[in-house]
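Me: I'd like to learn how to read the ligand sites in a model. Can you walk me through one?

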Amino acid sequence: MKKILFVTSEVYPLIKTGGLADVCSSLPKALTELGQDLRVILPKYPSLKTVGDVHFLCSLRIDNHLINIFETTIPDSSVIAWLVDCPDLFNTEGNPYLDAQGLPWANNAERFALFCRVAVEVAMDKVNRNWKPDIVHCNDWQSGLVPALLSLEKNRPKTVFTIHNMAYQGLFPVQSVYSLNLPGQLWNPNGLEFHGMLSFIKGGIAYSDRITTVSPTYALEIQTPAYGYGLEGLLAHRSDYLVGIINGIDTNEWNPDLDPHISQHYNVHSLHEKQHNKAELQRRVNLPVNNNVPLFGLISRLVEQKGIDMVIECLPDMVDLPMQLVLLGNGDKIFEQRLQNLARLYPDKIAINIVYDESLAHLIEAGADVFLMPSRFEPCGLNQMYSQRYGTIPIVRKTGGLADTVVDTLPESLANHSATGIIFKEAHAGALLEAIKRAMLLYSNHTTWQQMQINAMHRDFSWRSSAEQYLALYDSI
Ligand code: ADP
Ligand code: GLC
């Protein structure tokens with residue numbers, strides 16, 4: 001049994017902006033089920049949605065900040081979560097990283113540097129809890145300074161840094177190095193410095209004992225200039241310590257047979273019941289109730305990563321086809337506006353929901369026939385796995401975790417019952433439209449389509465095997 005301190009800025013359902021929260025909830029649960037002694041540590045944002053008991057654990061002082069640590073559990077689990085409360089810095093409602101205009105909070109460097117320093121104090125048991133982890137497992141840039149700071153400690157725990165997305169690096173002006181009081185040894189081109197800027201993510205990549213990312217394909221991609229954002233050289237240099245472990249999903253949370261967000265449950269033996277969810281979804285988003293046209297779903301942060309521009313470019317052609325689209329997402333204002341304009345033009349075909357709505361997300365997975373995920377890059381991606389579990393056929397671009405989790409429908413994969421989706425290669429609207437047309441053709445053949453749904457629903461996306469890979473990795477350090 002290992003003691004693991006799991007450091008993250010998001011944990012579902014306490015706080016979530018994307019897949020990071022899902023993974024930082026379901027992986028700790030899976031590791032705990034495998035008998036590990038694990039604590040998750042995250043900031044206590046004002047918008048944190050705790051359930052049940054939250055009690056004071058200890059306090060500490062760093063510079064002029066008084067910090068309290070509270071203890072609770074991840075709701076509906078026995079996993080212990082430690083909440084770092086520093087109201088001086090974490091006093092803003094809403095999104096943990098961005099203000100209402102979508103701009104990063106001006107004091108993000110201070111906020112997450114302090115969070116990292118608290119995690120280090122906890123990791124070294126300087127808070128006297130008589131609990132010192134064997135492994136400190138950090139996630140994304142917000143925890144990137146932890147491996148760097150721990151590298152300066154004697155008798156330190158081993159460190160693992162997981163990259164969920166290279167596009168977010170935590171880059172700040174050089175002045176931050178001084179205002180944050182960071183140890184001078186860390187400030188060099190092989191350390192936290194990145195072209196004259198302070199890079200939080202580099203702290204994780206350069207100083208951790210092992211680096212992981214969330215799919216085998218993305219582990220290779222980030223060692224190339226197209227995906228490495230300037231850190232491909234360092235990642236290639238550390239490739240002996242870098243591994244891609246595919247994310248699992250929470251198969252309790254995402255289960256069409258038990259899902260509390262949908263009224264008609266179904267499974268692979270009662271697939272015909274899925275159409276009731278389709279009708280309910282069409283009613284809910286004001287599209288004509290019609291079981292004969294394929295209903296496309298899309299749930300996403302509306303950012304360039306997700307290929308939303310390609311979808312927007314395709315839409316005028318898509319509406320000429322007998323189809324409907326329901327989209328749920330929020331993000332870049334320009335995408336939000338363009339999508340809403342199109343929905344106004346084609347109200348019988350396109351429903352756009354610019355909100356964050358966990359419940360509608362489940363209904364879309366259950367009610368749609370096809371799921372669109374044309375990402376330009378995708379470290380892992382979760383919705384293509386949720387979709388397959390709900391018998392909703394994903395259309396994905398061949399990148400990152402999408403390439404690793406979807407099997408393209410070709411004569412051979414149809415014959416051996418492995419086909420679960422539609423894959424296209426080039427990142428342009430024409431290629432996406434071709435894939436959409438392929439999906440329409442396959443959909444028109446009921447037997448073929450049903451076989452694809454069954455293949456998809458039989459896939460095992462649970463955490464078991466990936467959680468075991470993390471355990472083996474911890475052991476190998
Ligand atoms: P990323 O983390 O890059 O956003 P993932 O596919 O890993 O992508 O995870 C996205 C998660 O966020 C999924 O659980 C998805 O259902 C959820 N999600 C994204 N946007 C919304 C939204 N507007 N409403 C509800 N859930 C959303
Ligand atoms: C990031 C990635 C996404 C991945 C998620 C969880 O947000 O964009 O692909 O699934 O992290 O690892």
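Reply: Domain 1 (3–248 + 463–476) and domain 2 (271–457), with bounds from an automatic or database domain assignment, both give residues to the shell around ligand 1, so ligand 1 lies between them. This is a predicted model, where local features need pLDDT of at least 70, side-chain atom pairs count only at pLDDT 80 or more, and totals for chains, interfaces and linings use all residues. Residues are numbered from 1 along each chain as its sequence is written, ligands are numbered from 1 in the order in which they are written, and side-chain values use heavy atoms, with hydrogens and water left out.

Me: Which residues come nearest to ligand 1?

Reply: A residue is near if one of its heavy atoms lies within 4 Å. Of the 22 around ligand 1, the nearest are Gly19, Asp22, Arg301, Lys306 and Val355.

Me: What about polar contacts?

Reply: Look for a pair of N or O atoms within 3.5 Å. An oxygen of ligand 1 sits 2.6 Å from a polar backbone atom of Gly19.

Me: Where does ligand 2 lie?

Reply: Domains 1 and 2 both give residues to its shell too, so ligand 2 lies between them. A polar side-chain atom of Asn247 is 2.9 Å from an oxygen of ligand 2, and a backbone N or O atom of Cys380 is 3.0 Å from a ligand 2 oxygen.

Conventions
A polar contact is a pair of N or O atoms within 3.5 Å; within protein, one must be able to donate a hydrogen and the other to accept it, and residues adjacent in sequence count only if both atoms are side-chain atoms.
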